[in-house]
Amino acid sequence: MNLLLHICCACCLCAPLNELRKEGFKVTGFFYNPNIHPLLEFRKRLKALRVFQESDPIKVIYHEDYGIKEYLKNVDYEGNDRCADCYALRLKFAATSAKRNGFDAFTSTMLFSVYQNHKQLKTISENLSKEYKIDFVYRDYRHLSECSHDIARKKMIYRQGYCGCIFSEYERYKNTTRELYKGNNPYSKDTPEILSTEDELQRCSCFG
Ligand code: SF4
Ligand code: SF4
């Protein structure tokens with residue numbers, strides 16, 4: 001079965017990709033993520049997938065335009081459910097592209113992440129599948145998340161510190177300064193503990 005796999009970065013891809021292949025799927029990647037901001041972060045994740053391809057022959061269809069305007073047009077970022085709009089935006093394009101390009105089915109690496117709303121992703125995908133008459137392959141590989149991140153680490157693939165949009169970046173880092181410096185005065189010689197940025201990033205994958 002020819003499967004179009006929506007990929008938001010290489011982190012959640014590493015281990016589940018092997019499982020999908022073992023099941024007999026012929027997997028083609030699909031990079032379409034207008035939710036990743038700012039531009040330099042978008043480029044880093046794009047590059048991470050290309051680095052992954054250096055050690056794995058997966059074919060990937062890239063949408064390389066920076067999509068901040070598209071994201072802001074389609075996502076109710078002031079409401080309480082921006083993630084549902086964001087999922088729908090990306091999955092709809094994945095589903096319709098799969099249909100248009102003759103794939104048998106679509107799915108997404110977002111389903112393999114422990115940080116995403118799995119149930120919501122599944123429901124949105126199932127609805128798109130019915131609407132656009134293209135099969136949706138549902139798999140729950142969240143138990144492989146750590147394994148995936150280990151592989152990414154070994155392959156020296158960039159691992160992001162927040163989900164993607166500028167709002168998630170703010171939520172992830174808004175308290176960072178206070179966390180980094182556990183003393184009152186960061187410049188004091190008596191400051192007890194200073195965590196490195198690397199320590200900080202080790203703690204998180206998508207949402208931190
Ligand atoms: S870590 Fe987040 S951005 Fe990367 S593939 Fe997983 S869900 Fe997507
Ligand atoms: S937090 Fe992640 S899923 Fe939610 S809107 Fe932002 S980029 Fe999209």
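User: How many helices and strands does the protein chain have?
Analyst: This is a predicted model. Along the sequence, the protein chain runs as β-α-β-α-β-α-α-β-α-β-α-α-α-α. Its secondary structure comes to 9 helices and 5 strands.

User: What percentage of the residues of the protein chain count as buried?
Analyst: A residue is buried if 20 or more other C-beta atoms lie within 10 Å of its own. The protein chain has 208 residues, and the buried part of them is 36%.

User: What share of the contacts with a separation of 6 or more comes from residues 24 or more positions apart?
Analyst: Take the contacts in the protein chain with a separation of 6 or more. Residues 24 or more positions apart account for a share of 76%.

User: In which order do the strands of the open sheet lie?
Analyst: Strands of a sheet pair through backbone hydrogen bonds, either parallel or antiparallel. Here the sheet is open and has 5 strands, with parallel pairing. Strand S3 (59–62) and strand S5 (135–136) are its edge strands, each pairing on one side only. The order is S3-S2-S1-S4-S5.

User: Why do the buried residues of H1 line one face of the helix?
Analyst: The buried residues are Cys14, Pro16, Leu17 and Leu20. Seen down the axis of H1, they fall within one arc, so they line one face of the helix; the arc is 165°.

User: What covers the buried residues of H1?
Analyst: After H1 comes Gly24, with a positive phi near 100°. The buried residues of H1 have cover that includes S1, S2 and helix H6 (145–154).

User: Which residues are closest to ligand 1?
Analyst: Ligand 1 is surrounded by 11 residues. Its shell has 6 nonpolar and 5 polar residues, but no charged ones. The closest are Cys8, Cys9, Cys11, Cys12 and Ser113.

User: Which element gives the most to the shell around ligand 2?
Analyst: The residues around ligand 2 are Asn35, Arg82, Cys83, Cys86, Cys163, Gly164, Cys165, Phe167 and Ser168. Two or more residues each come from helix H4 (82–100) and helix H7 (166–173). The most, 3 residues, come from H4.

User: How does the shell around ligand 2 divide into nonpolar, polar and charged residues?
Analyst: Arg82 is among the residues that surround ligand 2, and Arg counts as charged. The shell divides into 5 nonpolar, 3 polar and 1 charged.

User: As what does Asn117 count: buried, exposed or partly exposed?
Analyst: Asn117 sits in the loop between S4 and helix H5 (118–132). A residue is buried at 20 or more neighbours and exposed at 12 or fewer. Asn117 has 15 C-beta neighbours inside 10 Å, so it counts as partly exposed.

User: How far apart in space are Asn117 and Tyr87?
Analyst: In sequence, Asn117 and Tyr87 are 30 residues apart. In space, C-alpha to C-alpha, the distance is 9.5 Å.

Conventions: Residues numbered from 1 in each chain as written. Chains lettered and ligands numbered in written order. Predicted model: local features only at pLDDT ≥ 70, side-chain atom pairs only at ≥ 80, totals over all residues. Near = placed C-beta within 6 Å. Helix = DSSP H or I, 4+ residues; strand = E, 2+ residues; numbered from the N terminus. Pairing = 2+ DSSP bridges. Arc of directions from axis to C-beta. Contact = placed C-beta atoms within 7 Å.
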